Structures are given as structure tokens and as C-alpha cells.
Amino acid sequence: MYTQVAIVGAGPAGLLLSHLLHLHGISSVVLEARTRGYIEQRIRAGVLEQNTVDILRDAGVGSRLDAEGLPHEGIELRFGGEGHRVPMTELTGRAITVYGQQEVVKDLVARRLADGGDIRFEVSDVRLDGLTSDRPVVRFHHGGAANELTCDVIAGCDGFHGTSRPSVPPGQLTVYERDYPFSWLGILAEATPAVHELIYCLHENGFALYSMRSERVSRLYLQVPPDTDTAEWPDERIWDELATRFQLGGSPWPPNRGPIFDKGVTPMRSFVTEPMQYGRLLLAGDAVHIVPPTGAKGMNLAVNDVWLMARALDAWYTTGDETLLTSYTRDALRRVWQAQHFSWWMTSMLHRFPGDDPYQYRLQIAQLHNVVDSPAYATALSENYVG
Ligand code: RFL
Ligand code: PHB
């Protein structure tokens, strides 16, 4: 088998790349370890920044997003028992859209299949070879048979635990990383959100986030110790702790309750690998960088990476000019490091770190007051948040 671009991973990065390449007349095959049902149900991100929405719309995959996504023009920062609205659209002219990552994945899979795209689900033993040759090969098993896919370029879009990044020989990549001493416990509940905008909240017990997926589904998060077992958090305990952390004016402020149908714990990590390419392997999305979710940047970065990659591949195939391919790492990293900084900053400002003293907590409150009281600070936060 031959294709121009072999794409490993059918997350937002791999699927969007395959679609953008198709629009440029470039062929690709997407190899995905999981089933279609699994990737279309996997609960993850929910906030699309304006750039991402624009890219999806321009690529002709924004119609359900436009119909069902929830446009938001601000967020609330809640701390010291008070809520403060950051009017992002007023400050920047741009907005975010709340739309589940799995909905983006569904839209992209449907569109690729409608366009005759080649996505192989449930592949295993993916191995990359010949990365420094001009005919790299991807070997994999599919339906019990061994397969070989020859290509011009491999796009490693297989997430943090994928096989692409580890295929680069030792010593070629530099890793920059930071682990945070806490996790997020996230729930989805059949409950009408009590608010119209997201609330990022700092309480003495830790961080809490009020988000949503629709008019009937709430998405809520609590900072918890690392390695927390969800069994330690029966539903009642979660609702009570949310009411405590979201307190207003000294009284508990309970979110609307409803049956919880998903509960999970997410570790918090910052991670970047440089460069984002090696020979004919180009890496994108979580395969090459991770941010803690406090800045809502992960999926947006994945989209930005593959937009740059598709543009570079189009220029190369059309004119033979390698300039954009060569500068892919530099072009992508600029945005990646801005998002690293923003995500680290939001995380540091809004979480309690084990061992922090009351002085540190007061510094955090002072920082948050700066953000909501100073239009300059609020604008800087908003520009980063909306992208
Ligand atoms: P993905 O989505 O992980 O997709 C990688 C795909 O590769 C497959 N795969 C393989 N396939 C073949 N062979 C192998 N050896 C393979 N190994 C893996 C996997 O099955 C998978 O289908 O990476 P991608 O495309 O780079 O997308 C990145 C995003 O998924 C991620 O950054 C976001 O979910 C992060 N994130 C958020 N991002 C946002 O932009 N806004 C948010 O509001 C936001 N909230 C979040 C988040 C992530 C969270 N969790 C659970 C980590 C909230 C949470 C709780
Ligand atoms: C979500 O809705 O899942 C979500 C929203 C904002 C974040 C992270 C996750 O910062």
C-alpha cells in the first residue's frame, strides 16, 4: 500500500489533518488503535477557542458546531467567596464555543467517510521505519493480517501514550516537563447548568470548575490529590464539596444536581518535546506536547499544529518548496510555548499546592484581584483564553 501521508491516530489532530489534506488534494490513511465507537464516546475537552472554530468552519465541518455549540462571551473567576466576570468578548472582540471534543471527532469521522477517506480502526503493533529516508514505512496489524504502508511523510498524531514519539532514536528529542501535585476529578451529570458561563474557582480546599456540554448536561471538576480513586468520591460527597468550593458570600452555593453518568480522574502535566519533527516524521497534538487542562488549550493546540502541517505539506507538494516543512517546529512551538505559559499560569493561580502556607494563598488572591480589577490583566487573560 502507498499513500502520500500516513497518519497515526484518529483524535482531533489526525482526523482534522486527514480532512485538510483531502481539501488540498493530498491522500492519507489514518491508523487508529481503538474502535470508532470508542473514539466517538471518549469524554475530554469542551472549549474551542475562536481560532479553532474558524478553522473547522473554513474546512466545511462547522455546521453542527454552529447549530449545537454554545458560544460564550465571558468566564467567571470566583475566589474569596465572590464572583467576578471577565468579559472576554468585550475585551477582545472574540469568543469561545463550548462543544464536546467527541462531537468534533464524530463530525470529522463522518466527513472523512463521506468523502471516501481511509480510516483503519482497531489496528495494532504500529511500527514506524525509514524515518530518515524519502519513503518511510508504517507496519501494522489489521483484521489479523500484517500490513505495510509506504508513504512520503508520517504524521504522528497518536497522543501522549502513542508510538510515534518513542520511534525517534534516543538523543534526538529534548523533553521539557513538569508534573503537578494534584489531579482533577471530573463528572458529567444530567443536570441543567445553573450558570451560562464557566466558573473557575479558587477555594481554600482547592480548585473547582463549573462547565457544561448542553442545556441539560453539566460538566464539573474538583482538584483532588494525585492517584485519587473515584471510589473515594461517592456522588453525595462530590456535590457537597462542589457546593463548599463554589461558596458565595459565606454560604454554600450548590450546583444543580442530577444523575452522574461519567466520573474520571485526570493527572495534571506540562510536557513539550523539541523538535516536533525528525526526518519524515512530523508530530502534532498531545503526541508532542501536553498542558494541564486549566487553560483549555490541549485540543486547540492540536488543531493549530495540523493546520500548520497541512499548509506546509500543501506548499511542498504543490511547488516542491520545503521552507514551511522545515520551519514547522519553529512555527508551531511559538504557539505551543505561549499556551504552556498560559496553562501553567492559570494552574498556579487557581490551585492549592500541598505545603503552601497561608501567605501563598493570599498572594494567589491578590493575583486574582489584579486580573479582575485591571483591564490590562483581564485583557491579557482573555486574549490567551479565546486564542
Ligand atoms: P488524542 O485525542 O489523544 O488522539 C490520539 C489518538 O491516537 C490513538 N492512538 C493510536 N493509534 C494507533 N496506534 C497507536 N500506537 C496509538 N496510540 C494512540 C488514540 O487511541 C487516539 O484516538 O490526541 P490529539 O488528537 O493530539 O488531541 C489532543 C486532545 O485530545 C487533548 O489535548 C485535549 O483533550 C485536552 N483537553 C482539553 N483541550 C482543550 O482544548 N480544551 C479543553 O477544554 C480541554 N479539556 C482536556 C480537557 C483533556 C482532559 N483529559 C481527560 C486529559 C479536559 C480533560 C479532563
Ligand atoms: C470542559 O468543559 O471539559 C473544560 C472546560 C474548561 C477547561 C477544561 C475543561 O479549562
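Where is the place of E122? E122 sits in the loop between β8 (118-120) and β9 (124-129), where helices (H or I, at least four residues) and strands (E, at least two) are DSSP runs numbered from the N terminus. E122 has a positive phi of about 55° although it is not a glycine. With a relative accessible area of 51%, E122 is exposed; buried means under 20% relative accessible area, exposed over 50%, and partly exposed in between (1.4 Å probe, protein chains only).

A word on the ground rules. This is a predicted model, in which local features need pLDDT of at least 70 and side-chain atom pairs count only at pLDDT 80 or more, while totals for chains, interfaces and linings use all residues. Residues are numbered from 1 along each chain as its sequence is written, chains are lettered from A and ligands numbered from 1 in the order in which they are written, and side-chain values use heavy atoms, with hydrogens and water left out.

Now for ligand 1. Its surroundings hold 34 residues, a residue being near a molecule or strand if one of its heavy atoms lies within 4 Å of it. E32, R42, Q101, D286 and M299 are the closest. By type, the shell around ligand 1 splits into 16 nonpolar, 11 polar and seven charged residues; here Ala, Val, Leu, Ile, Met, Phe, Trp, Tyr, Cys and Pro count as nonpolar, Asp, Glu, Lys and Arg as charged, and the others, Gly among them, as polar.

Several polar contacts reach oxygen atoms of ligand 1; a polar contact is a pair of N or O atoms within 3.5 Å, and within protein one must be able to donate a hydrogen and the other to accept it, with residues adjacent in sequence counting only if both atoms are side-chain atoms. A polar side-chain atom of Q101 lies 2.6 Å from an oxygen atom of ligand 1, and one of R44 lies 2.9 Å from an oxygen atom of the ligand. Taken alone, ligand 1 exposes 1000 Å², and the protein buries 87% of that (accessible areas come from the Shrake-Rupley method with a 1.4 Å probe; for residues, only the protein chains shown count as cover). The elements giving two or more residues to this shell are α1 (12-23) and α8 (298-319), and α8 gives the most, with four residues.

A296 is found in the loop between β20 (289-290) and α8, and its phi is near 55°, a positive value in a residue other than glycine. At 18% relative accessibility, A296 counts as buried.

On to ligand 2, which has 14 residues around it, the closest being Y200, S211, R213, Y221 and P293. The shell around ligand 2 is made up of eight nonpolar, three polar and three charged residues. A polar side-chain atom of S211 lies 2.6 Å from an oxygen atom of ligand 2, and an N or O atom in the side chain of Y221 is 2.6 Å from an oxygen atom of ligand 2. P293 contributes a polar backbone atom, 2.7 Å from an oxygen atom of ligand 2. Taken alone, ligand 2 exposes 280 Å², of which the protein buries 97%. The elements that give two or more residues to the shell around ligand 2 are β15 (206-212) and β16 (217-224).

The loop between β15 and β16 is also the place of S214. The side chain of S214 reaches the backbone nitrogen of R216 at 3.1 Å, and a polar atom of that side chain lies 3.2 Å from the backbone nitrogen of V217. Leaving aside neighbours within four places in sequence, S214 is in contact (heavy atoms within 4.5 Å) with L70 and P193.

What about the protein's interior? The largest nonpolar core has 66 residues, of which L17, V138, I154 and L313 touch the most other members; a nonpolar core is a set of buried Ala, Val, Leu, Ile, Met, Phe, Trp, Tyr and Cys residues joined through side-chain atoms within 4.5 Å. α8 gives the most to this core, with 10 residues. A second, separate core of 54 residues includes V47, A296, V372 and Y385.
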